[in-house]
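I opened my notebook and went through this structure piece by piece. Here is what I looked up, in the order I did it.

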Amino acid sequence: AQADIAVTGLATMGRNLARNLARHGHSVAVHNRTKARTDALVATYGDEGTFIVCDSIEDLVRSLKRPRKVIIMVQAGAGTDEVIEQLADALEPGDIVVDGGNAHFIDTRRRESALRERGLHFVGTGISGGEEGALLGPSIMPGGTAEAYQTLGPILESIAAQVDDTPCCTHVGADGAGHFVKMVHNGIEYADMQLIGEAYDLLRTVLGKSTEELAEIFRTWNSGDLESFLIEITAEVLAAKDPRGEGAFVDVVLDQTEQKGTGRWTVQIALDLGTPVSGIAEAVFARSVSGHAEQRQAANGVLEGPSTKITIDKPEEFVEDVRRALYASKVVAYAQGFDMIRDGAEAYDWDIDLGAMATIWRGGCIIRARFLDRIREAYEKTPDLPSLLVDPYFARTVNEGQESWRRVVATAAAAGVPVPGFGAALSYYDALRRDRLPAALLQGLRDLFGAHTYRRTDAEGSFHLDWSGDKSEQEA
Ligand code: NDP
């Protein structure tokens, strides 16, 4: 036995992860259900490090030093269960099974519990950064036991992205915590992309900017607070030409967005937890709206837009307004995402360090951004921060941006440009800061039609009004 670690499942992600491990000096046992993929990996990249070719799961297990560490990178779902079952039969107590696929954290909790009963560690691990990240350094979010992380952690940290000499990998928390955090990460990614899309739509529709001008604007934004991978690649996509013609690439792409499901999971779970992730939810729904082609076609030309065309006197100021609205909305989306991690940790009994999550997202992953440093600082200073929005830096940012934000949302409405992300974020901001919310009236309605009772601002207890009688108040 000589291999330090094994990877089974050698499609795009597994192959690149195995190469990353080998390049960092780990000897890697490699296996794939269809042997051709294993052979192709070693034939093409065999000189990058030490690969040990394995024909079967049993072979793989035999080749490993103990405690054995096996990373599964197969298709999420039934495939993962099948491979886990084969591995569990072949491994011995103390060995570590890592699932690096995009599993739902509820599945991960089930699998962890089943393997724990068999004496095995199961480490559900979120891996972000796509194909390139897997090869060059992803952001890695492992769950499972602290004991498993002691053995596994140093290997994962060695292949993760590094920012300021800090690896973008840390032990997230027990059982499904890693996959949970990866799920929320993807939800935030959805929100971030939706907001960028709205900024692009506004500048283009209201100001009539060309795609070249827009690419330049995003390039400029990328040198300030908004500096991030997503803003950087927005400039790149906007600057791209149609490979089949003269026009802009973005103009020939069908305007219907796909989704693989992690954004949807985030919203589903947020509903269960009661966390208002309105920014993420609007982003998921905006993708659904874009995909309802028949409805859009039926409405086009039937539903009217504004009768007067909006004119903007000072275009440069509007661009700055949109930038500020984008940043403020983005802060809200992240604040909601971090709230969800906090609520999930409470519900599932995980000890998650929120600042550490911001730290490991600074590199490798799709939402890597400069302002994650600010999030890390905020939670380091005040671990029990009630909301990211009330941290002094972020409060100042949204306060300074709020006038711009209001102008942008108002202009969007007047111009007939949908901004569900900007709008939801601004409404959330206003809801948080308001003295009184209309929830009071809703409580009255609920008491009237269903005797659901209400509480008072000036007395303890619950009360019910005798709505159909003399309108007297009774203690409930
Ligand atoms: P795929 O999701 O396309 O899965 C293909 C791999 O799964 C192949 O190696 C295939 O083997 C194997 N497989 C499928 N079913 C079984 C089974 N029943 N038994 C054994 N092996 C099986 O591969 P990717 O590399 O794209 O992704 C791997 C995992 O990583 C997925 O969970 C994905 O969600 C996740 N992920 C992907 C990212 C991406 O950017 N692609 C980013 C982050 C995570 P065979 O060759 O024999 O068909």
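**Ground rules.** I am working with a predicted model, where local features need pLDDT of at least 70 and side-chain atom pairs count only at pLDDT 80 or more, while totals for chains, interfaces and linings use all residues. Residues are numbered from 1 along each chain as its sequence is written, and side-chain values use heavy atoms, with hydrogens and water left out.

**Helix H1.** I looked up helices as DSSP runs (H or I, at least four residues), numbered from the N terminus. H1 covers residues 12-23 and reaches 16 Å from its first C-alpha to its last, close to the 16 Å expected. That expected span is 1.5 Å times one less than the number of residues. Next I listed its buried residues (under 20% relative accessible area, with exposed over 50% and partly exposed in between, using a 1.4 Å probe and protein chains only). Among them are Gly-14, Leu-17, Arg-19 and Leu-21. Just after H1, I noted Gly-25 with a positive phi of about 85 degrees.

**Helix H11.** What covers the buried residues of H11? I found that the cover includes H5, H8, H12 and H14. The buried residues themselves are Thr-262, Gly-263, Thr-266, Val-267, Ile-269 and Ala-270. Gly-274 follows H11, and its phi is positive, near 75 degrees.

**Leu-115.** This residue lies in helix H5. Is Leu-115 buried or exposed? I count it as buried, because its relative accessibility is 3%. Leaving aside neighbours within four places in sequence, Leu-115 is in contact (heavy atoms within 4.5 Å) with Ile-84, Ala-88, Val-97, Leu-120 and Phe-122. I also checked Glu-85: its C-alpha is 9.3 Å from that of Leu-115, though the two are 30 residues apart along the chain.

**The cores.** A nonpolar core is a set of buried Ala, Val, Leu, Ile, Met, Phe, Trp, Tyr and Cys residues joined through side-chain atoms within 4.5 Å. The largest has 88 residues, and Trp-361 is one of those touching the most other members. Helix H14 gives the most to this core, with 16 residues. Apart from it lies another core of 27 residues, including Phe-51 and Tyr-149.

**Phe-449.** My last stop was Phe-449, in helix H19. It counts as exposed because its relative accessibility is 63%.

Conventions:
Helices (H or I, at least four residues) and strands (E, at least two) are DSSP runs, numbered from the N terminus.
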